[in-house]
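Trainee: Hi, could we go through this model together? I'd like to understand the contacts in it.

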Amino acid sequence: MQDYNQPNSGCFFTQQLFLIGTKNEDGTDHFAPISWVSYTWGLPNCLVISISSHPKKKQTTANIERNKFLSATVVTPDLLPFVEQCNKSTSTINESIRPVVVQGNVLDVSLIQNAKWSYECEMIKHEIIGECETFFCAIRYVNVREDIKQLDFVDLRVIDPVIYSPFNYFNVGEHLGKIGDYSHNQNCSTLMPNRLKNSDTIGIIAPCHLAIERRMLRFKKGIEDLGFNVKLGKNIYKDTYGFAASTEERLSDFNDMIFDENVKMVLFSGGNIGNDFLNDLDFDSIRENKKIYCSYSGGTSLLNIIYLNTNLETYYGQCPGVFDVLNDYDRQQFLNNFINQSTSFVPNSPWVSITDGVATGVLVGGYTTLISQLVYHPLFKYDKNENYILFLENLDVFTSVPAICAELAWIEQSPFMKQVTGLLFGNYAKEENQELIDALKRFGTKNRIPILKCDDFGHGDFHGILPIGRKAQLNSERKSLIYLID
């Protein structure tokens with residue numbers, strides 16, 4: 001047992017954790033987790049940051065001495081995977097979970113986009129005591145996320161800052177885990193496609209419907225305006241069946257995108273078909289030629305079957321039509337998921353907690369009508385030793401609440417339901433539908449799982465992206481979906 005009474009025991013606790021952002025000599029960003037941070041009051045208000053110089057001077061120290069400017073981001077639980085990549089003792093050198101970094105508002109500093117709270121600071125005094133260097137950093141600007149600005153007071157339950165004591169993380173009232181727990185917390189068998197780069201080629205196909213040329217050309221231009229090239233499937237305008245190209249023609253377009261080395265992403269819309277060639281998919285080639293597959297609605301079957309038979313992560317939420325008139329939220333979702341790497345689902349609407357609890361599991365899901373059928377398909381090869389978080393959505397003009405209840409009942413009566421630990425339900429109608437809320441409450445209560453409702457993904461105005469195959473944590477109290485990324 002450690003003798004905590006001794007002043008040199010090193011037992012410092014109840015320390016708030018920050019990510020200190022500085023710039024290296026070559027101009028690249030550098031972030032380091034630091035918990036020895038305090039404040040002074042009286043102009044200029046300062047952050048007081050202490051950094052150990054044992055056994056040698058840290059990179060953050062050298063950067064502050066040279067540039068004088070730094071940012072300090074309040075660490076929240078969704079940032080912990082990135083925090084541990086910034087810590088040499090826990091880093092696995094995984095660049096894929098790096099969040100979006102933007103420039104400061106008043107200083108030349110690097111900020112983490114969508115962070116709840118951060119400071120832009122200028123170092124005005126530097127003291128060295130023992131093996132520790134302490135910087136007094138005048139606060140020049142405070143960045144506060146819009147939803148936090150709406151709070152009546154600084155509510156720590158909402159801001160949810162991470163608190164550190166030696167080798168452990170906490171938040172207000174909850175132990176979040178020990179140092180290192182967030183370094184290897186994803187099922188390692190999941191394959192991640194490469195992120196997109198500027199001028200990469202995105203392939204568009206129509207496996208579920210008949211594309212209309214005048215509309216498709218607008219969608220194509222919207223994607224090209226983002227800096228990407230577009231390749232259209234050669235059969236997307238064919239009406240061999242009257243309502244779509246033939247099964248063979250649509251499968252041919254799909255395979256063409258798989259084997260085209262220039263195509264880095266395959267994007268397609270929903271529709272009433274798309275499941276007619278599931279048994280003909282070349283899963284070995286899909287696995288070997290890892291690409292981003294993204295769709296929604298009628299694309300549910302293809303996205304889930306691809307993941308469950310290849311372990312390749314796929315993405316639900318956006319289709320070519322999103323790029324006709326791209327709103328800010330949808331654009332940011334695209335960038336966060338396909339160019340950078342999100343550490344959590346960023347909301348754009350109030351989340352409603354329907355039944356309470358915390359669930360951890362692998363994300364699967366999509367359009368309720370198709371999921372209720374898909375869970376009985378022989379290719380729906382879920383892992384019976386794994387837990388799953390289900391996400392669902394539908395639209396009132398397509399499916400009534402009684403029909404939704406029937407689809408939920410089919411899911412509930414399937415063997416797969418034993419593995420479901422939580423449910424996130426997306427957009428259904430313009431206005432809140434109490435009948436649906438009541439139905440979801442019954443479903444959650446009966447099956448003893450947490451359920452949250454939002455309007456951030458589905459057939460509504462906003463098209464958030466959910467990674468199928470990603471391990472995540474759904475928390476009804478915090479109204480959050482955090483990705484547990486390796």
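Mentor: Happy to! Let's start with a term: rings of Phe, Tyr and Trp (its six-membered ring) pair if their centres lie within 6.5 Å, and planes under 30 degrees apart count as stacked, over 60 as edge-to-face and the rest as tilted. Also, this is a predicted model, where local features need pLDDT of at least 70 and side-chain atom pairs count only at pLDDT 80 or more, while totals for chains, interfaces and linings use all residues. Residues are numbered from 1 along each chain as its sequence is written, and side-chain values use heavy atoms, with hydrogens and water left out.

Trainee: Thanks! How many aromatic pairs does the structure hold?

Mentor: There are 19 aromatic pairs. Tyr315 and Phe338 make an edge-to-face one, at 5.1 Å centre to centre with 85° between the planes. Tyr315 sits in strand β18 and Phe338 in helix α9, 23 residues apart, so this pair links distant parts of the chain. Helices (H or I, at least four residues) and strands (E, at least two) are DSSP runs, numbered from the N terminus.

Trainee: Are Tyr315 and Phe338 buried or exposed?

Mentor: Both Tyr315 and Phe338 are buried. Buried means under 20% relative accessible area, exposed over 50%, and partly exposed in between (1.4 Å probe, protein chains only).

Trainee: And what about Tyr316 and Phe391?

Mentor: Those two form a tilted pair, 5.5 Å centre to centre and with 55° between the planes. This pair also links distant parts of the chain, with Tyr316 in strand β18 and Phe391 in strand β21 (residues 388-393), 75 residues apart. Tyr316 is buried at 0% relative accessibility, and Phe391 is buried with a relative accessible area of 0%.

Trainee: Which rings are linked into a cluster?

Mentor: Ring pairs link Phe228, Tyr315, Phe323, Phe334 and Phe338.

Trainee: Switching to charges: how many salt bridges are there?

Mentor: The count comes to 24 salt bridges, each being a side-chain nitrogen of Lys or Arg within 4 Å of a carboxyl oxygen of Asp or Glu. One of them joins Asp324 to Arg218, with the closest N and O atoms 3.1 Å apart. Asp324 lies in the loop between β18 (314-316) and α9 and Arg218 in helix α5 (residues 213-224), so the pair ties together parts that are 106 residues apart in sequence.

Trainee: How accessible are Asp324 and Arg218?

Mentor: Asp324 is partly exposed at 32% relative accessibility, and Arg218 is partly exposed too, with a relative accessible area of 38%. Arg157 and Asp155 also form a salt bridge, at 3.1 Å between the closest N and O atoms. There, Arg157 is exposed at 62%, whereas Asp155 is buried at 10%.

Trainee: Which residues are linked in a network of salt bridges?

Mentor: Lys23, Asp29 and Arg98 are.

Trainee: Now the sheet. What is the order of its seven strands?

Mentor: The open sheet runs β19-β23-β22-β21-β20-β25-β26, with mixed pairing. Its edge strands, β19 (352-355) and β26 (480-483), each pair on one side only. Two strands pair if DSSP finds at least two bridges between them. Three bridges join β19 to strand β23 (residues 451-453), and these two run antiparallel. Val352 stands opposite Lys453 in β23.

Trainee: Last one: where does Gln333 lie?

Mentor: Gln333 lies in helix α9 (residues 328-338) and is buried, with a relative accessible area of 3%.
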